[in-house]
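The text then goes through it part by part.

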Amino acid sequence: MDAHITPGDVGGTVRAPPSKSYTHRAILAAGYSDGAVVRSPLDSADTRATARAVEAFGGTVDRDPDAEASGGTDEVAFAIDGFAGDPAVPADVIDCANSGTTTRLVAGAAGLANGGTVLTGDASLRSRPQGPLLDALEQLGARADSTRGNGQAPLVVFGPISGGDVAIPGDVSSQYITALLLAGAASDEGITIDLTTDLKSAPYVDITLEVLADFGVDAGPIGSDTAAGADGFRVAGGQRYAPDDGTYTVPGDFSSISYLAAAGAVAAAPDDAVTVRGAVESAQGDTAIVDVLERMGADVEWDRADATIHARRSDLSGVEVDVGDTPDLLPTIAALGAVADGETRIVNCEHVRYKETDRVSAMVEELSAMGASVTEDPDTLTIHGGESDLHGATVDGRGDHRLVMALSVAALVADGETTVQGAEHVDVSFPDFFRTLADLGVDVDLG
Ligand SMILES: O=C(O)C1=C[C@@H](OP(=O)(O)O)[C@@H](O)[C@H](O)C1
Ligand SMILES: C=C(OP(=O)(O)O)C(=O)O
């Protein structure tokens, strides 16, 4: 599906979708428990993959937004029956679709099963690195293979592990650490994780620790108060997952909010603003988008008490942004850089090449097609911005939801219509993205 976007002003109030990262963890944590209700979950292609995995391990996920689970309101909730820390051997291959988070977190759970679990997914997923996690599972006594021997899915994991010590790099994906922490709590002995490199994407491990705490599970960093700067992590075994009152509520998604706030900053009508509700404080590193926008000169305000963000149009200037902690903001910041005056340098971004696409190269090529001047080094993306340079074009979302959304933001201020190919891929993290843009007044034609 293509999205044809006509440039124009935006304004109005919209709601942020629920967090993808929190929803994955909450579904799987509920799976590890005897059962729990997850309120306000993100219902998207990626989170459905995690729900399928919980069912493959013997749980059930009732996605019916039905009265009982949601406490009699029309709020959406998932009612989940867990596998109580003891995953069954799946009867079939688990299809993780496009979701790296599902693949890694579920590979960890597979380590606890008394038999084999096969994990696969789409072509993008099957090109992403899993080697360090397979190696960690082997250190814990599992057999963990990539069928092609290239460290990529399809993966086959044979458990059970009972816990122990692992050494693992932290600079490829923090999701390996999350996987080991979630599984370690349900293992007999617990898991101690020694980081052999600095940790990238550290706030995602803080999200994990926050969700674990909310499910009554004790785990923490070694040598630091938070994941950033930690030498490693420790989770004791034999713990029971059980959230207070049997329910867990998912906060809004700041990666998704980044597109809406950016849209306001580049295209809000004079005397109007984009207002985003659901901007609840949490451990999400991507709240940094507010600071990035402010540094670029945007008129943006996060009313934390009201969980609301207001973004008005302003002239933006280029800045340097380190995305070591916030890889998912790279496409948004690159689009903002293409609109801003002067140079925007996105540094510490090598790990952003291991996502659904190599997002560094992809943003260079697609923004260049819109007339921006963009260059890359292995670890840096540089945009030589200036709104007047951007023109409408046909750009390829490359099956990557974040490319589709970031390019749609750039399209709001390009000269002429932009066609973003593969628009349906927003289903991965923000299924209502184009409806939300239309609610903000964007002239978008899906066809
Ligand atoms: O744990 C998570 O929920 C995520 C961690 C990050 O990945 P890496 O840790 O692989 O950088 C992020 O890019 C991804 O979108 C979601
Ligand atoms: C990289 C992402 O997710 P995942 O790793 O779960 O595929 C993302 O949402 O940008």
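This is a predicted model: local features need pLDDT of at least 70, side-chain atom pairs count only at pLDDT 80 or more; totals for chains, interfaces and linings use all residues.

Residues are numbered from 1 along each chain as its sequence is written, and chains are lettered from A and ligands numbered from 1 in the order in which they are written.

The protein chain is divided into domain 1 (2–17 + 252–446) and domain 2 (20–249); such bounds come from an automatic or database domain assignment. The C-alpha centres of the two domains lie 29 Å apart. In contact across the boundary are 18 residues of domain 1 and 19 residues of domain 2, where contact means that the C-beta atoms of two residues, placed from the backbone, lie within 7 Å. On the side of domain 1 that touches domain 2 there are six nonpolar, eight polar and four charged residues. Here Ala, Val, Leu, Ile, Met, Phe, Trp, Tyr, Cys and Pro count as nonpolar, Asp, Glu, Lys and Arg as charged, and the others, Gly among them, as polar.

A residue belongs near a ligand if its C-beta atom, placed from the backbone, lies within 6 Å of it. Of the 13 residues around ligand 1, those that come nearest are Ser21, Ser173, Ser174, Ser201 and Tyr204. Two or more residues of this shell come from each of α1 (20–32) and α5 (175–186); helices (H or I, at least four residues) and strands (E, at least two) are DSSP runs, numbered from the N terminus. By class, the shell has two nonpolar, nine polar and two charged residues.

Around ligand 2 are Asp46, Ser99, Gly100, Thr101, Asp328, Lys355, Glu356, Arg402 and Ser429. This shell has no nonpolar, four polar and five charged residues.

An unreviewed UniProt entry lists, under "binding site", residues including Lys20, Ser21 and Ser174. UniProt annotations may be inferred rather than shown by experiment; their positions are given in the numbering used here, and feature names are shortened. Lysine 20 is part of helix α1. Lysine 20 counts as buried because 25 C-beta neighbours lie inside 10 Å; the cut-off for buried is 20 or more other C-beta atoms within 10 Å of a residue's own, for exposed 12 or fewer, and partly exposed is in between, with C-beta atoms placed from the backbone. Serine 174 sits in the loop between β10 (164–168) and α5, and is also buried, with 24 other C-beta atoms within 10 Å.

Among the contacts of lysine 20, leaving aside neighbours within four places in sequence, are Asp46 and Thr47. Both residues are among the buried residues of α2. Helix α2 (residues 45–56) has 12 residues and spans 17 Å from first C-alpha to last, close to the 16 Å expected at 1.5 Å a residue; the expected span is 1.5 Å times one less than the number of residues. Nine of the 12 residues of α2 are buried, and what covers them includes α1 and α3 (100–110). After α2 comes glycine 58, whose phi is positive, near 110°.
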